[in-house]
Amino acid sequence: SLDTLNNNNYPLMILATSESSRYDNPSFTSFGEQFLLKPNAGSIASFSTTRLVFSSPNFTLNQTTYNTIFNKANGQYKTIGEVFKEVKNLNANDQNNRNFTLLGDPALTLNFPELVVNAVHPDTLQNSSVNTITGQIEDDNGVLQSWFTGNLIVLIQGSKDTISTLANDGGSPFVFYDRRKVIFYDTIPILNGLFNYNINLNTLPIHITGNAKINYYAFNGNVDASGCNDSIYINDLLTSMVDYSTTAINATIFPNPSSNNVTVSLTDFSNDNYSFNLYNNMGQVILENKMITTPTFTFSVQNFTDGIYYYSLTNESNQYQAGKLIVQH
């Protein structure tokens, strides 16, 4: 709940729920206002709504926001006021647009990564050999930043999954895409702007063949850098032995974030045996091949270190689900 929120980094919230920031009611403090006003937590600002809004134009406005906020003007990122003005003007003919407002300092610029992570990848990652990837931290002109020493987070996601909403409101299902399979996660040291790491597909918790995306985020306490590559192909020969179905297991893991007990609930439980694995952010196994033979399974994270953990769930029908679990005490 908002009362227990204790985040140290303040995000920009984009709230498209109707009346989420109806600030002109003196007898009621809206959700968006509470987020912004919460001491030492909450958000730094929000693009949010003051009246009734509708999902289709909301979707368009959200897309316009994402397409605008990361673009620079004269080599500099725009302030959130400039972004909001541009987004509103690009949707000026839509009356729905009038019910969105900016709560926060319009002169504020978000804390974007200043530098670029540039990695050299093979076109295809093979499990017949260890894959070595090298790279460096650069500025926008491609110049090595040899003064940068810090850490690099590497996250590799599998191919896009097609996901459809349930259309509980009676409308048509909404189809979207997400990379839900976490294949690899590690933290790599950066020395004098340079880094390298190895990937051995045979040791990974999930085996796929197909397109993948590698995400990078580097930090040294003062300056950040980011990068990605979504044209990597993984050729994992183990998939010929384990032919995973394209249908994911319908399971829910909750509460997430969690501080005590976590429950894995299998919505479409069958008589198959299910195997659950949990990994920390260094790729180390925390729970290995925990067998689930009932519709629900509970385990404790009370003694876990706070952070992000990654799980994989498979069954005898070669279905799977993978995702992340946040532990926060």
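The views below are taken from a predicted model.

View 1. Pro57, Asn58, Leu61, Thr64, Thr65, Thr68 and Ile69 are the buried residues of H2. Viewed down the helix axis, these buried residues fall within an arc of 125°, so they line one face of H2. An α-helix has 3.6 residues a turn, so residues three or four places apart point the same way. Ser55, Ser56, Tyr66 and Asn67 are exposed and sit on the face of H2 turned away from its buried side.

**View 2. A nonpolar surface patch made by Phe59, Phe174 and Phe176.** The patch covers about 270 Å². Phe174 belongs to the loop that lies between strand E10 (161–164) and strand E11 (175–178). Its relative accessibility is 41%, and Phe174 therefore counts as partly exposed.

**View 3. Gln321 in strand E22 (residues 320–327).** Gln321 counts as buried because its relative accessibility is 12%, under the 20% cut-off. Between Gln321 and Ala251 there are 7.6 Å in space, C-alpha to C-alpha, although the two are 70 residues apart in sequence.

**View 4. The domains of the protein chain.** The domain assignment gives domain 1 (2–104), domain 2 (115–235) and domain 3 (251–327). The centres of domain 2 and domain 3, taken over C-alpha atoms, are separated by 23 Å.

How values were computed. Residues numbered from 1 in each chain as written. Predicted model: local features only at pLDDT ≥ 70, side-chain atom pairs only at ≥ 80, totals over all residues. Heavy atoms only, no water. Domains from an automatic or database assignment. Patch = residues over 30% accessible without salt bridge, like charges linked within 9 Å, V, L, I, M, F, W, Y side chains within 5 Å. Areas by Shrake-Rupley, 256 points an atom, 1.4 Å probe, with all protein chains shown as cover. Salt bridge = Lys/Arg side-chain N within 4 Å of Asp/Glu carboxyl O. Helix = DSSP H or I, 4+ residues; strand = E, 2+ residues; numbered from the N terminus. Buried < 20%, exposed > 50% of the residue type's maximum accessible area, 1.4 Å probe, protein only. Arc of directions from axis to C-beta.
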